[in-house]
Amino acid sequence: MTASDVKTYPLLPLRGYVIFPYTILNLDVGRDKSIAALEQAMLDDGQIMLAAQKDVQQEEPMPDGIYQMGTIAHVKQLIKLPGGTVRVLVEGLTRALIQSYEEVQGYYRVRVIPIHEPETVKNVQEEALMRALLQAFEEYAKLSKKVPADTLETVNSINEPGRLADVIAAHFTLSATDKQQILESIDPAERLEKMCNIVTRELEILELERKIVLQVRKQMERNQKEYYLREQLKAIQKELGQKDERASEADELRDKLLELDLPERVREKAEKEIDRLEKIPPGVAEGVVVRNYLDWLLSLPWKEASTDRLDINLAERILDEDHYGLTKVKERIVEFLAVRQLATNIKGPIICLVGPPGVGKTSLARSVARALDRRFARISLGGVRDEAEIRGHRRTYVGAMPGRIIQAMRQVGTRNPVFLLDEIDKMSTDFRGDPSAALLEVLDPEQNVAFVDHYLEVPFDLSAVLFITTANTIHTIPKPLLDRMEVLDITSYTEEEKYQIAWRHLLPKQLQAHGLSKEQLHMSEGAIRKIIREYTREAGVRQLEREIAAVCRKVAKEVVRRPETVAKVTAQNIATYLGTERYRYNLAEQRDQIGVATALVWTEVGGDTAPVEVTVMPGTGKLILTGKLGDVMRESAQAATSYVRSRAADLGVDPDFHSTRDVHIHVPEGAIPKDGPSAGITMATALASALSSRPVRRDVAMTGEVTLRGRVLPIGGLKEKALAAHRAGIRTIILPTDNRRDLSELPPNVRRQLNFVFADHMDQVLATALIGE
């Protein structure tokens, strides 16, 4: 390469164009600066500097927005067009590198260094690159069919390496950036190599395009052939008086539609879809979607209903056979049957059974269905987090299906089943929607008469369904959803109820499951009660059933070894079958003690008794609370302490104990968290006993919240607490007066054996619990 002297030319910035040496091109120029530069070039020797802009959107490019490498060109022709535009024909002469800019009379003049191609003999590498580029360009011309034949002849006649690369680049479809890179490649060998890579890449793209076009063409020919043959087949079937597959399928669906008793809106929708199916050619995927939709639409129980068993005595007997206790729920079902006899057009109730695990909520729903002689459907909502599980997917989605409500209705085949929505408190929500919000429509008697599933797109009547939902707690159920349900609390079973359930249901069930007869295994009442007390601690009876099953397995093993075996399981030998006892219940204190009072507590697995211990020590008036007490229980202890301080004189307590002594209140079993206000009167009693040195009666237990003024406020869980006191050997229970109404929940035998003392003030509590003045 050689660089001649620096020369000065007017500059014409190009937008989206790159001019190569040895090429001729027409340009339309409209910018004032560019026209001024052209006019000056014509006044000079007709030569002008052409350089590409970096940003084609820039209307007035600055020097830093123009590439330094450009082409010196000769203006061969200039024609002024209407509208102020100039059309110019230019011929590229040689490359040039811009050195500096000078703005004169509305345009740029640039000082450039022309770069001429060297007149040297081609080397072997350049010859090889030229041949490769020519061969690739010829293949490109054949495939693209965009390169004229005279251009191909011109290219083949070129012997200079650099000129060959420039001419091919000028005739090749490239971006302005790629062309600028070729222009900036001064070395001919480098330029040839870049062009070889570009042409090879374009050949690969063209080859891929050709394959795609061939595939599309073949598919179109196949479709046209299938269409032609299908039309011929239709014509032949018409001549023979036969129908094609799609038409016969549509006629079959129409016949089925005539047989069904459907709502008018559903019938219109089905007829519309059948007409649409008939027009869809066989083999089209849309036909499968429409056919599946019609199958769902025609298989749902729109008007089919089972006949209720309205004999309330028989229904009661069936419910009692399946479950012991659960009086409130059974009464509600019998009430529904009674109203059903009097008013035939009654909407199905929506009942929510709330209770701890294992108390029989799910099995009770099955029993209700059996008592009513209705079909039974169950959906587990635990972990459901997608709204589409309830409402279904729209048919636009691949693999769309109705929601689980409609699926269950199709399975049962009637419009009035007993429908169990299990674990409704364990639903969650995420980005796919809130299923609990979708259930608002399902569980609202005013709305579920026209429940719309996204898949069906027509309303379905759910008003005849008896919905029963189950939950372990109502705290996690959204308030709007809870408001739509009638909540029935199922409390934990008492010991007597567990015994009756085990004797009537669990033991016969396990004997049958293990192939044993009543003669081979006899389990005494004492053995069952000992299992309940010392081998299980639960609200329901699942663990109790597992323990009975464990006894049956061991007896079955003995029977297999010695067929004449007759096992008698009693409270004395139960440990040989189940091992040592796992649990124990607190019993009444053995003697009257100072600073120890018995509290009645409620747990998820039933009631229990708990001693509250108070110790007074010399100190500075600290109140120490231990036993893993919650905030509410700590506040109750502080309220009890304040009450005792306010009544110190009446109780015979040192008025200055709060400054001279430390008080330590402890509730044993410190690993178990405890909370709630119901131990307030117990802590106040134990504190008064410790400070006045008066013992507390050992056969007295108590429960109730205390205020600063000594009032005794009502509490909950009375049934479980009273049963725990009865089991522990307590004879007298002190209760808030407002809890008198709850005694009706207690079994009669427990009420007869306990002495209930009702108090509305702490004075009455202390008068009953403390011994002496």
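Reply: Here's a walk through the sheet, strand by strand, and then the helices against it. Keep in mind that this is a predicted model, where local features need pLDDT of at least 70, side-chain atom pairs count only at pLDDT 80 or more, and totals for chains, interfaces and linings use all residues. Residues are numbered from 1 along each chain as its sequence is written, and side-chain values use heavy atoms, with hydrogens and water left out.

The sheet is open and has five strands, ordered E9-E10-E13-E8-E14, with parallel pairing. (Strands, E, at least two residues, and helices, H or I, at least four, are DSSP runs numbered from the N terminus; two strands pair if DSSP finds at least two bridges between them.) At the edges you'll find E9 (376–380) and E14 (486–489), each with a single partner strand, so one side of each has no neighbour in the sheet. From one strand to the next, the twist averages 20°.

Zooming in on E9, five bridges join it to E10 (residues 418–422), and the two run parallel. Within that pair, Ile379 sits opposite Leu421 in E10.

Now the helices. H12 (residues 361–372) packs on the sheet and touches E8 (350–354), E9, E10 and E13 (466–471), contact meaning heavy atoms within 4.5 Å. The direction of H12 makes about 175° with that of E10; axes are lines fitted to C-alpha atoms, for helices over the stretch in contact, and angles run from 0 to 180 degrees between N-to-C directions. H14 (residues 404–412) also packs on the sheet, touching E9 and E10, and its direction makes about 155° with that of E9.
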